[in-house]
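Biologist: I would like a close look at a single part of this model. Please keep to what can be computed from the atoms.

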Amino acid sequence: MQAPNNPTQPLLTHFQMGHLRLKNRLVMAPLTRRRAGKGNAPVDLNATYYSQRASAGLIIAEASQISPQGVGYPNTPGIYTNRQIEGWQKITRAVHDNNGIIFLQLWHVGRISHPLLQPNHQLPVAPSAINPGEELTTPQGKKPIETPRALRLEEISGIVEDYMQAARNAKEAGFDGVEIHAANSYLIDQFLHDSSNHRTDEYGGPIPHRARFLFEVLDAVIAVWGSNKVGIRLAPSGTRYGMNDTDPVALFDYVVTKLNDYTLAYLHLVEPMLPLDEYPHYLKEVNKHYRNIYKGILIACGNFNQEKGNDYIGMGWADLIAFGRLFIANPDLPRRFAFDVPLNKPNTDTFYNPGPTGYTDYPFMNK
Ligand SMILES: Cc1cc2nc3c(=O)[nH]c(=O)nc-3n(C[C@H](O)[C@H](O)[C@H](O)COP(=O)(O)O)c2cc1C
């Protein structure tokens, strides 16, 4: 059966993103599923999962660590070894064979890690030695986060170089572009916020200093890919893992305004996921605020459904909508929207479990 051409659904219209023509406005959000194989390398099961979802206008593959130091959870994939590159090659081939487009999200977790996950059981690194005071999952179960080691000034350029090498590796792996993960309390976000960055050198203090690391990473990745194949993800109202800032609006207004100097593939903004009553100085409607500031292509994400996604695009508040949990449970999400059929419900118990259950076994709609 042909999908009906439904002009009342802006989500189902084509979109030109740089040189890439997206077949619809649905983006599969980056989703950690913790099903990588030996050596944190992608395996055939991951290729099946992504190829099942190739009808998305764009897939942003799950956060993938740029170095062994960037690891923060068991069984998440990396993009720093040959084995990992070869694993990803199978995935990009499978997605391209199904007419899909796929970017990779580049990740360094900073302090959201544990010595049990680090090379030689070293302390995780961060802009400053500040403990967010929460727990995380290690190979030996839940453990409190340990106070990280503050990066020495001379180490920072090495991490920027790791991003650049990871960007080269992503190219070799056959991706169509990359997304820099600057959201959700990980290393770049830790540099941005003044609760996690107490540095007194040129990477701390005033907003332009705290944003320096982000723009150095961006320049390095763009040197590999060209700006129109590079996206960036920000969470201006993110408060997980102890993220806080005395003036988040000024911070992210500065960053987003400066991003206008680049012709990026897109800016991907995460709407707040938690009630912000305790944080009245954070924005409740991130995309509407930044639509007025950012001149390029905007992706909105966070608690969208079909109706809200169509509204947002129809009103011009975003160009593309990323769906996370709905794409976990509905491999054929664009088709389900096209036919207005009920959606499968995501099962949170299997988000991070190994194996195909809750991963590749969600049913497609009946033809
Ligand atoms: C299981 C799971 C894994 C996630 N992994 C990532 C990730 O790797 N990178 C990232 O930037 N966000 C990640 N997120 C956040 C999602 O990309 C998205 O922002 C969030 O799920 C909100 O969108 P939704 O309401 O459509 O699910 C994850 C979310 C879930 C539920």
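Biologist: Which residue stands opposite A322 in strand 14? Please describe the surroundings of that strand as well.

Modeller: C301 stands opposite A322 in strand 14. Two points on conventions come before the rest. This is a predicted model, in which local features need pLDDT of at least 70 and side-chain atom pairs count only at pLDDT 80 or more, while totals for chains, interfaces and linings use all residues. Residues are numbered from 1 along each chain as its sequence is written.

Strands (E, at least two residues) and helices (H or I, at least four) are DSSP runs numbered from the N terminus. Two strands count as paired if DSSP finds at least two bridges between them. Strand 14 (residues 320–323) is joined to strand 13 (residues 298–301) by three bridges, and the two run parallel. Besides the pair already named, I299 stands opposite L320. Strand 14 also pairs with strand 3 (residues 26–28), again in the parallel sense and over three bridges. In that pairing M28 is opposite F323. In general, strands of a sheet pair through backbone hydrogen bonds, either parallel or antiparallel.

These pairings belong to a closed barrel of eight strands, in the order 3-4-5-10-11-12-13-14, with parallel pairing. From one strand to the next the twist averages 25°; axes are lines fitted to C-alpha atoms, for helices over the stretch in contact, and angles run from 0 to 180 degrees between N-to-C directions.

Strand 14 is covered on both faces: L320 and A322 are buried on one side, and I321 and F323 are buried on the other. Buried means that 20 or more other C-beta atoms, placed from the backbone, lie within 10 Å of the residue's own; 12 or fewer is exposed, and anything in between is partly exposed.

The ligand is the next item. It is surrounded by 21 residues, the closest being A29, T32, A63, G324 and R325; a residue is near a molecule if its C-beta atom, placed from the backbone, lies within 6 Å of it. Strand 4 (58–65) and helix 10 (325–329) are the elements that give two or more residues to this shell. By type, the shell has 11 nonpolar, seven polar and three charged residues. Here Ala, Val, Leu, Ile, Met, Phe, Trp, Tyr, Cys and Pro count as nonpolar, Asp, Glu, Lys and Arg as charged, and the others, Gly among them, as polar.
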